[in-house]
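Welcome! Please have a look at the sequence and the model below before reading on.

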Amino acid sequence: MRKSALLLLVFSLILGAAQLPVRAVAATETDANANVNANANVNANSNANTNLNASANANTKSNANMNANTNSNANSNSNANSNANMNANANMSSNANADTNESVNSNLNLNLKHFNFMNEKVTIDGVPMFLTHLYAEPIDRSDPSKGYAWVGDPQEGLSAVDDTARAVIVYAEHYKAYRDAYSYDMIKRGLEFLMWMQHDDGDFDNFVVRDEDGTIRVKDSHSSQKSFSWWAVRAYEAMGTALPLLGREDRALAERVNGRLALCLKRLKEKTDSLYGQYDTSSGAKAAKWLLEGDVWVSSIAVGALRAHSLAVNDASAKKAIAESVRKLGEGIYLARGGTSFRDFPYGGIMHHSVGMTNPDLWEEWGSIQVRALAYAGQMTGNRAWIDAAKMAADSFLSDLLLSGRAANLHPNKEPYPQINYGTASYADNLLALYEVTGDKKYAKLAGIAGSWWTGNNVLGVPMFDERNGYAYDGLTDKEVNINSGGESVDEALRALLRIQANADARAYLRAKTVDAVKAQTVEFEELYRGSAPPDAEMALPGGGLNDPDQALRKQSPGSGTDEARIYADAKQVGAGTPIYPGWEGEQAIFVAASGYNNLRLFGGGAIETELPADGEPGRLKAGETPKLQFDARVEFDTTLSAEVLAVDASGRETVVADARDMNYHPRDWYSGDNAVKTTPRAPIPAGTAKLVVRFRVDSSNPKQHEGYASLAGVKLFKMSVPEVRYANPDVSGGGYVEMPAGQEKSFAVRVPNSGLYDVMLSSVAVASTAPASASASASASTSTASSTSTSTSTSTSISTSISTSISTSTSTSTSISTSISTSTSASASTAFASPSVLVGFDDGEPALAALPAGPAGRVSVKRIATVRLAAGEHELRLKNAGGTVVGLDALVLYPVESGIVVATPDGRRTAVVRDSVSGALFIGSPAEAAARDRIAVTAEWPEAGREKGSAKIAVTGKVTDGRGEPVAGRKVSVRAGGASGTAFSAKDGTFDLRLSIPASVSPEGLRVTASTASGEGTAWILR
């Protein structure tokens, strides 16, 4: 898929300066209503827009850190919306009964005005079509109601199959709901475009561009080439979704679409069947080579496409062939499930596994529809285990993200932002599919709660779908809204909202607001360490901004604009040692001007550097101090950027004292602001250093050399006050971690807002094998940091927002640590261990010894090390590096054994959503029902004698307790597993025990056992 479209969203991204004009060209068809500016007569919303405009201003300010030049190829057209392809009926609300009184009606006004504007009607080769523009920005950022202008991209062009296919599905959903002629016409036009982009062998191109003469043609780029990948399976799903809607009058079109569906199926089988049964284990995890593109996510989309195809045709042989492909893809997707535990990472999630992966703990929110895929695959093939795995992933993994905080990605720690429409829609897709397959209303309700993000139930309280104008804002962080509104954003928002609104249980929660929460809390070790030391001091770095055209010494040629090939030709003329910016010299680098933010662009083989004194004068570093470099950057596909600070002695010998070699850049993503790249210290500046050199270098294997570059600006230099802090590893929590020297002890004050039982999760980083470093050695490295590296220090931090006692599992005020977890044991604080390990304790309780996982340097691991009962208030967190080597400590996460939220809906109801990790269950009901429900801890075992033939009885035991942890006697407990069921009653101590006969056809691998009473549920898994 077109990943870069998503990555451009961070911090209002870089599309803001140069925009494609909306031209009236021969290939463009104009509506009779084309003169209607869909947004011109709309007044700004009163309340919501007040907040939004504040965010828009922040966005504009943020754009001062962005390079607008790299993502557009023409100037903006202030009359963009005057060319909108509008139809009077389609401009109206898709909710015919929308009530303006939101306090009594949860329905949304799903306005299609902006969506229709983004879908330009064109005629290609004499055939009416439409194409979806990639991006759009407000004409006036202070007032989005004035309308938007289309924005293109020099590498991607103006439109893509990826987005147009999704738009076809939106029109299909809208037509199914309202049977409007405009949607029907656009379905046909969209199908024509998708078929025009398909090759005879079934592959698809992705991007198109419009030449100066108005000709629309296919454009090749790194994320657009002839293949059967992300965009192809989206087109496949769109054609399958649309085919049943075509009427008799379009029988010829339907026959052509049916033929293209058969071609898609043939091509999918060619790409997958020959590899069936082959695996890749290079990462330590088992990945199926036969998955489409060797990738779980692409294959998950493919399952949806295959299902749409199956529903669209009546041919028995076609359905059989489709089911066979679904079975194979389902097998591969099922391999990516992350265990069966509510309490151990990754909490049963279906991870993003792919052939050749380096991180089996990777998961990305956008497009994450593996739960939907497994649910549909299980339904189509009769595989109950896949449906159970999908339910587990939803109950544990997805619910945790929705309750304790979403993640743009996990690797394995959360990177919480940006939150985008594509990610939000994925929750709705997964949960609504589970409702379709299981009939369990809790999934529909949770889908509606996930969708309330669009109505303002988010970290900023800002509606992300503008009902009056039809905008779907591109994304948000915890600081601002990106008020751009591109094709993907409006496609995903409307597609998901139409589906949510079609389901009464989901629709009831679209305007829900979270009023209380019990959620996991993260303590960042780098913040604890920095809390006891002064801030890092910024040092002088002349010319570090790299963004002033009046100072730039080598600039792009006049008129080159955003033409990457011409800019590359300019940079090729820059030889080694050429002055490029005051104080900076280099080669194959050029200053690029942009109205958003200027920068230096370094092409493959290019480098820039500057020299600085190391004499300790005011604003300068000296020997013994630890430098840190911070800069804004972006790299293109197949390109690497290195950043170093080197200490150079009188003989010219260089020593690396800081670098960003751990940084794994995501292509076409700007790293700036809070996400600016920071180097990690490698050594203090050695004695005898004559000067420092700051050096950047770019290497690229991009076959299109003009597309292989890095953009650089905003370079700053700091003196670190806490040399234990490390940066540049993108997998860590909060952007940094700590390398704790052997023998070092620390204590910190942390505040817990609510009494309860918490699972303690430790995120650690594998450190390269080196000679053991001691606390005293670290302290002597810098006289300015002695206070931060002493044997025992104390600081304070808070680990909470709002926590409700109504969901908490305990009101105890004692402090204790359970050490029943196999990877952790109790130990004296004076004990020393040879392997990497750390002692973690609270207050005067016995500390838990956590043996840190081994792995290649930089590998991040998350593991449960203890369960602790904490009273509300301040506690002392005690740490000791108990091993003989440096350990990498990233974060400590306190997970409530029961987490949850309470939401209020416009009709005055309150609903609790509780994730019960002891019971292994997700509960949705009233707060009173949540408090009164039974908690059921379940264990199950498949006797060894019956494993092979699958005919033995499974042993199921458990315990029923109430909200206070007291046993509940006399409860009727219904147990289900593998299609069998049985009944038991809880004894005086709350326990129950029964044997359940499992049919011989049921495999013990991945068998889910469910025990339920009238008011509670618990689950357990039996694994081979």
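## Charged pairs

Asp962 forms a salt bridge with Arg964, and their closest N and O atoms are 3.2 Å apart. A salt bridge here is a side-chain nitrogen of Lys or Arg within 4 Å of a carboxyl oxygen of Asp or Glu. Asp962 is buried, with a relative accessible area of 19%, whereas Arg964 is exposed at 68%. Elsewhere, salt bridges that share partners join Asp162, Asp163, Arg166, Glu173, Lys176, Arg234, Asp429, Glu488, Glu492, Arg495 and Arg499 into one network.

How many salt bridges does the structure hold? The count is 62. One of them links the side chains of Glu137 and Arg141, at 3.6 Å from N to O. Glu137 is buried, with 1% relative accessibility, and Arg141 is buried too, at 13%. Another joins Glu324 and Arg327, at 2.4 Å from N to O. These two are about one helical turn apart because they lie three residues from each other in helix 9 (residues 316–334). Glu324 is partly exposed at 30%, and Arg327 is partly exposed at 26%. Helices (H or I, at least four residues) and strands (E, at least two) are DSSP runs, numbered from the N terminus.

## How to read the model

This is a predicted model, in which local features need pLDDT of at least 70 and side-chain atom pairs count only at pLDDT 80 or more, while totals for chains, interfaces and linings use all residues. Residues are numbered from 1 along each chain as its sequence is written, and side-chain values use heavy atoms, leaving out hydrogens and water.

## A strand with several partners

Now turn to strand 28 (residues 709–719). Nine of its eleven residues are buried, so strand 28 is largely enclosed by the rest of the structure. Which strands pair with it? Two strands pair if DSSP finds at least two bridges between them.

Strand 21 (residues 599–613) also runs antiparallel to strand 28, joined to it by four bridges; here Phe603 has Tyr709 as its bridge partner. Strand 22 (residues 627–635) pairs with strand 28 over eight bridges, again antiparallel, and Val635 stands opposite Ala710.

## A buried valine

Is Val760 buried or exposed? With a relative accessible area of 2%, Val760 is buried. Val760 sits in strand 32 (residues 756–765). Leaving aside neighbours within four places in sequence, Val760 is in contact (heavy atoms within 4.5 Å) with residues including Phe842, Lys863, Ile865, Val868 and Leu894. The C-alpha atoms of Val760 and Val840 are separated by 9.6 Å, and these residues are 80 apart along the chain.

Methods. Buried means under 20% relative accessible area, exposed over 50%, partly exposed in between (1.4 Å probe, protein chains only).
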